[in-house]
Amino acid sequence: MTRAAARNASALAAGLVFGLGLAISQMVNPRKVLDFLDVAGNWDPSLALVLGGAVGVAMLALRFVLKRKQPLFESEFHLPRTTKVDRRLLAGSAIFGIGWGIGGYCPGPGIAALSAASVEALVFVAGMTLGSFLYQRFAAPRS
Amino acid sequence: MRAGVPGRDNRHTFQGFLHVANFTPMSALIGGALIGISATLLLWLNGRIAGISGIMHGVLQRRGDDAAWRWLFLAGLVAGAGVWLWLAPPAFAPRAGYSLPLVLLAGVLVGFGTAQGGGCTSGHGVCGISRLSVRSIVATLAFLVTGMASVFVVRHLLGVAS
């Protein structure tokens, strides 16, 4: 198997595990996500444990992974280069949160919910694609 | 049970803050751990951050090998969720009756915001916090706060059953 094929296979495998995790934790159910964000209603803290479980595992494991000189099937780690906390980060994250609270989907669950043939998920992913294009076309910094 | 007509909804009447209901800690922890394992696999094997919004925005812009692994990851994401729904059908019934224009608006805001903010719940929330990135911790706090505010407006001020 070539390295490119190995990379593709591991991307597919990682996607499968991620999707399984989203479904088992019920994060593909927008109501459950909204019930977490609804601190003034019937509050469902489950999402905090999903995030906590994921961070707990990744924090431990990444300590070992990032000590390696390079990934197994790739010549370098593609980590974010910027560390700036700036207006773009805050504005973008704030806008994302508003959309998250309206729909109950963030990108992962929105895409994973396509598996349930949910019309909502289809509309959401179409909207997300449009939003991505709008950003690239009108708001992305010119390089 | 009311059937999704926009308007007042008694399910979301004010209960006082942090009135806990429908908590599923075990499945949340198990699912969360799997997400952490996935993020570890992708970084260890491919050197990539498992940020779904970043992978998705990349799919729309890149070509060739750099697009292929992204498509495969997203295909796996759908298939992985599909496997669980197939094994445990009552796990999740798609929400019906909620306003599709609102879902579309939500999608546009999420697409735009994650592109501008450089990440979402997975990229900033899981991977960034795990690397103790200050940028990601700030981003996560920002979208949690506006997410909670947004739900408060939609459910409690506008009275929409979301």
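**Contact between chains A and B and the helices around it**

The contact between the two chains takes 106 residues from chain A and 108 residues from chain B, where two residues are in contact if their C-beta atoms, placed from the backbone, lie within 7 Å. On the side of chain A that touches chain B, α1, α2, β1, α3 (46-65), α4 (87-103), α5 and α6 (119-139) each supply at least two residues. Of these elements, α1(A) gives the most, with 18 residues. By class, this side of chain A has 64 nonpolar, 32 polar and ten charged residues. In this count Ala, Val, Leu, Ile, Met, Phe, Trp, Tyr, Cys and Pro are nonpolar, Asp, Glu, Lys and Arg are charged, and the others, Gly among them, are polar. Helices (H or I, at least four residues) and strands (E, at least two) are DSSP runs, numbered from the N terminus.

The model is predicted; local features need pLDDT of at least 70, side-chain atom pairs count only at pLDDT 80 or more, and totals for chains, interfaces and linings use all residues. Residues are numbered from 1 along each chain as its sequence is written, and chains are lettered from A and ligands numbered from 1 in the order in which they are written. The model scores ipTM 0.97 and pTM 0.93. Chain B averages a pLDDT of 90, and 90% of its residues score at least 70; pLDDT is the predictor's confidence in each residue, from 0 to 100. Over residues 1-8 of chain B the pLDDT is below 50, and beyond near neighbours in sequence this stretch has eleven contacts in the model.

Chain B has six helices and one strand, in the order β-α-α-α-α-α-α from the N terminus on. Of the 162 residues in chain B, 51% are buried. A residue is buried if 20 or more other C-beta atoms lie within 10 Å of its own, exposed if 12 or fewer, and partly exposed in between, with C-beta atoms placed from the backbone. Among contacts in chain B between residues at least 6 apart in sequence, 51% join residues at least 24 apart. The strand of chain B, β1 (residues 19-20), runs parallel to β1(A), and two bridges join them; two strands pair if DSSP finds at least two bridges between them. Within this pairing, Trp43(A) stands opposite Val20(B).

Helix α3 of chain B (residues 65-87) has 23 residues, which should span 33 Å at 1.5 Å a residue, and its end C-alpha atoms are 33 Å apart, in agreement. The expected span of a helix is 1.5 Å times one less than its number of residues. The buried residues of α3(B) include Trp69(B), Arg70(B), Phe73(B), Gly76(B), Gly80(B) and Trp84(B). What covers the buried residues of this helix includes α1 (3-24) and α5 (107-112) of chain A, together with α1 (25-46) and α2 (52-61) of chain B. Met56(B) lies in helix α2 of chain B and counts as buried because it has 25 C-beta neighbours inside 10 Å. Leaving aside residues up to four places away in sequence, Met56(B) touches Pro107(A) and Leu74(B).

In the largest nonpolar core, of 85 residues, Ala23(A), Ala54(A), Ala39(B) and Leu109(B) touch the most other members. The largest share of this core, eleven residues, comes from α1(B). A nonpolar core is a set of buried Ala, Val, Leu, Ile, Met, Phe, Trp, Tyr and Cys residues joined through C-beta atoms within 7 Å. Beyond residues up to four places away in sequence, Ala54(A) touches Gly32(B), Ala33(B), Ile35(B), Gly36(B), Ala39(B) and Val126(B).

Ile129(B) has its place in helix α5 (residues 121-130) of chain B and counts as partly exposed, with 19 C-beta neighbours inside 10 Å. Apart from neighbours within four places in sequence, Ile129(B) is in contact with Val55(A), Ser136(B), Ile137(B) and Thr140(B). Ile129(B) and Thr140(B) are eleven residues apart in sequence, and their C-alpha atoms are 8.4 Å apart. Helix α6 of chain B (residues 134-157) has 24 residues and reaches 33 Å from its first C-alpha to its last, close to the 34 Å expected. After α6(B) comes Gly159(B), whose phi is positive, near 70 degrees.
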